[in-house]
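Please go through this structure by question and answer. Keep to what can be checked against the coordinates.

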Amino acid sequence: MQGFANKEALAKTISTRKATFFSRSRSSLWTKGETSMNFINVHDIFLDCDHDSIIYLGKPDGPTCHTGAETCYYTSVYDALQSSKPNEGRQVMTTLYSLEDTISRRHEEKVTDGGGKPSWTKKLLLDNQLLCSKIREEAGELIQTLLENEDQSRAASEMADLLYHAMVLLRVKDVKMEQVLEVLRKRFSQSGIEEKASRNKS
């Protein structure tokens with residue numbers, strides 16, 4: 001990724017070893033990952049020959065780009081010129097990580113904001129029993145779309161509800177969506193029967 005850094009941002013990066021930048025629109029420092037928890041852990045910092053640009057060399061805790069991509073530089077100019085079709089896979093990841101980011105911000109508000117009417121997400125974050133009951137309810141409603149032969153839009157709507165509530169639970173458990181996706185990626189190379197058998201052995 002690319003960002004703007006001033007002396008204070010560089011100093012904080014050196015002291016915390018977390019990639020920190022300066023937001024010119026907000027006129028304040030910001031650390032990558034302070035909302036999404038996808039920090040970049042800086043191992044080294046390099047200066048260019050003119051000492052007017054720097055590179056943070058680090059290992060990210062999750063996707064670096066807000067779209068869910070590992071890097072912000074994923075668009076080839078030549079590919080873009082040859083095709084105008086959107087990348088559906090990237091759109092899916094952008095939606096998931098944007099939702100995860102919103103839930104994370106609500107979690108921070110839960111800790112720091114004591115006044116005002118809480119959002120539905122904050123209510124769920126504060127009440128494990130309510131959250132669990134909603135997940136059971138939404139799972140049941142999704143099942144009913146199959147048993148009662150409801151239309152596709154109904155199934156999509158119920159799946160969206162279930163996914164949202166499940167992602168709130170992941171935030172309560174401090175589990176990132178990237179961890180879930182990594183588990184799924186590892187399962188691509190083996191059958192479901194083999195995967196279940198390996199879990200029983202462990």
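Two residues are in contact if heavy atoms of theirs lie within 4.5 Å. The model is predicted: local features need pLDDT of at least 70 and side-chain atom pairs pLDDT 80 or more, while totals for chains, interfaces and linings use all residues. Residues are numbered from 1 along each chain as its sequence is written, and side-chain values use heavy atoms, without hydrogens or water.

Q: In what order do the elements of the protein chain run from the N terminus on?
A: Helices (DSSP H or I, at least four residues) and strands (E, at least two) are DSSP runs, numbered from the N terminus. The chain has 8 helices and 4 strands. Their order is α-β-β-β-β-α-α-α-α-α-α-α.

Q: What share of the residues of the protein chain count as buried?
A: Buried means under 20% relative accessible area, exposed over 50% and partly exposed in between, with a 1.4 Å probe and protein chains only. For the 202 residues of the chain, the buried share is 25%.

Q: Is Ile40 buried or exposed?
A: Ile40 sits in strand β3, residues 40-47. Beyond four places in sequence, Ile40 touches Met1, Arg17, Lys18, Ala19, Lys32, Gly58, Lys59, Pro60 and Thr64. Because its relative accessible area is 9%, Ile40 counts as buried.

Q: Which residue caps the N-terminal end of helix α1?
A: Helix α1 covers residues 7-16, and just after α1, Arg17 takes a positive phi of about 60°. At the N-terminal end, a side-chain oxygen lies 3.3 Å from the backbone nitrogen of Glu8. The residue supplying that oxygen is Asn6.

Q: Which backbone oxygen does the side chain of Thr145 reach?
A: Thr145 lies in helix α5, residues 128-147, and is buried at a relative accessible area of 7%. Leaving aside neighbours within four places, Thr145 is in contact with Glu150, Arg154, Ala155 and Glu158. At 2.5 Å, the side chain of Thr145 reaches the backbone oxygen of Leu142.

Q: How far does helix α6 reach from its first C-alpha to its last?
A: Helix α6 spans residues 152-172, which is 21 residues. The expected span is 1.5 Å times one less than the number of residues. For α6 the expected value is 30 Å, and the reach is close to it, at 30 Å.

Q: Which residue just after α6 takes a positive phi?
A: Within α6, Glu158, Leu162, Tyr164, His165, Met167, Val168, Leu170 and Arg171 are buried. Just after the helix, a positive phi of about 60° is taken by Asp174.

Q: How many disulfides does a search of the whole structure find?
A: A disulfide is a pair of cysteine sulfur atoms within 2.5 Å. The closest cysteine sulfur to that of Cys72 is in Cys65, 3.8 Å away, so the two are too far apart for a bond. Cys72 is partly exposed at 33% relative accessibility, and Cys132 is partly exposed at 28%. The number of disulfides found is 0.

Q: Which residues do ring pairs link into a cluster?
A: Rings of Phe, Tyr and Trp (its six-membered ring) pair if their centres lie within 6.5 Å; planes under 30 degrees apart count as stacked, over 60 as edge-to-face and the rest as tilted. The count comes to 3 aromatic pairs. The cluster links Phe21, Trp30 and Tyr56.

Terms used
A polar contact is a pair of N or O atoms within 3.5 Å; within protein, one must be able to donate a hydrogen and the other to accept it, and residues adjacent in sequence count only if both atoms are side-chain atoms.
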